[in-house]
Amino acid sequence: MTRMTTSQRWQHLILLSSFIVLVITGFALKFPNSWIAEMLGNGEKLRSIVHRVAGVVLIVAGIYHVFYLAMTREGRRLIWDFAPRPKDVFDAWGTMRYYLGLSETRPQFARFNYAEKAEYWALVWGTGLMGVTGVMMWAKVWVGNLTARWWVDVATAIHFYEAILATLAIVVWHFYQVFLDPDVYPMNWAWWDGKMPVEQYRHEHGLDEKALGDGTGDEQGKKD
């Protein structure tokens, strides 16, 4: 069963790579005396350049993703499947009841469950916010000439705390889903080869009749 197409895997890989570089160089710049900074050496200017290059890569990847969503059939299907629905609220409540032992049945999900949707939209919001605040900090002289100086200070604070939030979300939440979740341990390989066992997909996304019923997931993966 194809979970991620070739294009989606490349987008994810570029996002992952640029994010990791941004986290490491960003915290090294914020805390120049930390072990992270020492690990990267004493070249603060080099760290700054690498951080900005990774930021540009992330922004370009985000812009490409917007065009991908608008201009391709699979992109339009992706945004439709990621769209929040009232059922997501009931699914979240039902899942909590299930894991607390208050219900014997676990909610059934379509292509993406409520947690995956929340993570996706948090990524969209976070990328946009980090991109805007990062550019403001990069062009602080120009921004300071156009607006009050405190706007740059606000952007700096938002950039830092959003970076902490994003890092924790990836390490604690996303990495658990990919590496530590008992259902996929030791790893969910979909990010690498785009494949997911049919039985596992049926168990986790049993309401995705389009993929399970007519095999469009496999057909799409072959096309891409």
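A residue is taken as buried when its relative accessible area is under 20%. In the predicted model described here, Asp81 has a relative accessible area of 15% and is therefore buried. Arg111 and Glu74 likewise count as buried, Arg111 at 6% relative accessibility and Glu74 at 6%.

Arg111 forms a salt bridge with Glu74, in which the closest N and O atoms lie 2.8 Å apart. This pair connects distant parts of the chain, since Arg111 belongs to the loop between α5 and α6 whereas Glu74 belongs to helix α4, 37 residues away. Arg111 also forms a salt bridge with Asp81, with a separation of 2.9 Å between the closest N and O atoms. Here too, distant parts of the chain are linked: the loop between α5 and α6 carries Arg111, and helix α4 carries Asp81, the two being 30 residues apart. Glu74, Asp81 and Arg111 are part of a network of salt bridges that also includes Arg77 and Asp208. In total, the structure contains 9 salt bridges.

A further salt bridge involves Lys117 and Asp88, whose closest N and O atoms are 3.2 Å apart. Lys117 is located in helix α6 and Asp88 in helix α5, so that the pair, 29 residues apart, links distant parts of the chain. Both partners are buried.

Helix α6 spans residues 114-138 and comprises 25 residues. The distance from its first C-alpha to its last is 36 Å, close to the 36 Å expected at 1.5 Å a residue. At the start of the helix, a side-chain oxygen of Asn113 comes to within 3.0 Å of the backbone nitrogen of Ala115. Ala115 is itself one of the buried residues of α6, which also include Lys117, Glu119, Tyr120, Gly126, Thr127, Met130, Gly131, Thr133 and Met136. The cover over these buried positions includes α3 (44-71), α4 (73-82), α5 (86-99), α7 (140-146) and α8 (150-180).

Terms used: Residues are numbered from 1 along each chain as its sequence is written. This is a predicted model: local features need pLDDT of at least 70, side-chain atom pairs count only at pLDDT 80 or more; totals for chains, interfaces and linings use all residues. Side-chain values use heavy atoms; hydrogens and water are left out. Helices (H or I, at least four residues) and strands (E, at least two) are DSSP runs, numbered from the N terminus. The expected span of a helix is 1.5 Å times one less than its number of residues. Buried means under 20% relative accessible area, exposed over 50%, partly exposed in between (1.4 Å probe, protein chains only). Contact means heavy atoms within 4.5 Å. A polar contact is a pair of N or O atoms within 3.5 Å; within protein, one must be able to donate a hydrogen and the other to accept it, and residues adjacent in sequence count only if both atoms are side-chain atoms. A salt bridge is a side-chain nitrogen of Lys or Arg within 4 Å of a carboxyl oxygen of Asp or Glu.
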